[in-house]
Amino acid sequence: RGLLDLFFLSGIQIDARGRIHMHRVGGRRFPGAFGSAVLYPLVKRVILFRTEHSTRVFVPDLEFVTETGRQDMVVTPKAVLAPGGDCLLGLHSWHPGESVESVRSATGFELRVRPGAGETEPPTDRELALLRGPVYAEMAAGFPEFVAAHPQVLP
């Protein structure tokens, strides 16, 4: 009904157009893809994320297309990718300790550097206070097992 402003979504594979594959790898089928695929076009802003940035994840061709790609950005442990006017993902910023070349070498398709790209800015004091305060409290209340299993997420 248009009430979701922001949706975080992940996938097994992501291609240069930001399309995602969420169904299966080899013979293993993953649950939950249908609901995400239904919500994806209804949300105002979509941010894709992956906890792995490798050529296994960022591929030239998807095994199966679950969603066609309409995201604002893709966030990984190495970088932030964003679509440009050509509708292809490009390097928006790389995280401290990474470089253009380290991100490109971990990406299975040609990765262009967006104009104005640079090292990812660290969070501001205000952003850290929000994450460590109300966001952490909501995470702990809604996902206590996750918070207990990942104490390093928000120190």
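## A charged pair to start with

In this predicted model, the side chains of R114 and D86 meet in a salt bridge, with 3.3 Å from N to O. A salt bridge here is a side-chain nitrogen of Lys or Arg within 4 Å of a carboxyl oxygen of Asp or Glu. The pair joins distant parts of the chain: R114 sits in strand β10 (residues 112-119), while D86, 28 residues apart from it, belongs to the loop between β8 (79-83) and β9 (89-94). Strands are DSSP runs of E with at least two residues, helices are runs of H or I with at least four, and both are numbered from the N terminus.

How covered are the two partners? R114 is buried, with a relative accessible area of 14%, whereas D86 is partly exposed at 32%. Buried means under 20% relative accessible area, exposed means over 50%, and partly exposed lies in between (1.4 Å probe, protein chains only). Salt bridges with shared partners also tie D86, E110, R112 and R114 into one network.

## How to read the model

Residues are numbered from 1 along each chain as its sequence is written. Because this is a predicted model, local features need pLDDT of at least 70 and side-chain atom pairs count only at pLDDT 80 or more, while totals for chains, interfaces and linings use all residues; side-chain values use heavy atoms, with hydrogens and water left out.

Side chains of opposite charge can pair when their charged atoms come close. How many salt bridges does a search of the whole structure find? The search finds 10. One of them brings together the side chains of D72 and R45, at 3.3 Å from N to O. D72 lies in the loop between β6 and β7 and R45 in strand β6, so this pair, 27 residues apart, links distant parts of the chain. D72 is partly exposed at 34% relative accessibility, and R45 is partly exposed at 35%.

R50 takes part in another salt bridge, with the side chain of E52 at 3.5 Å from N to O. R50 is found in the loop between β6 (45-49) and β7 (73-75).

Most residues other than glycine have a negative phi. C87, although not a glycine, has a positive phi of about 65°. You can find C87 in the loop between β8 and β9, where C87 counts as exposed at 52% relative accessibility.

## A helix with a kink

Now look at helix α3, residues 125-142. The expected span is 1.5 Å times one less than the number of residues, so the 18 residues of α3 should span 26 Å; the end C-alpha atoms are 25 Å apart, which agrees. Helix α3 also has a kink of about 40°, centred on V135. The bend at a residue is the angle between axes fitted to the seven residues ending there and the seven starting there.

## A nonpolar patch

Which residues make the nonpolar surface patch of about 310 Å²? They are L4, V38, L39 and L42. Patch residues have over 30% relative accessible area and no salt bridge, with nonpolar side chains (Val, Leu, Ile, Met, Phe, Trp, Tyr) joined within 5 Å and like charges within 9 Å. Accessible areas come from the Shrake-Rupley method with a 1.4 Å probe, and for residues only the protein chains shown count as cover. V38 belongs to helix α1 (residues 33-39) and is partly exposed, with a relative accessible area of 40%.
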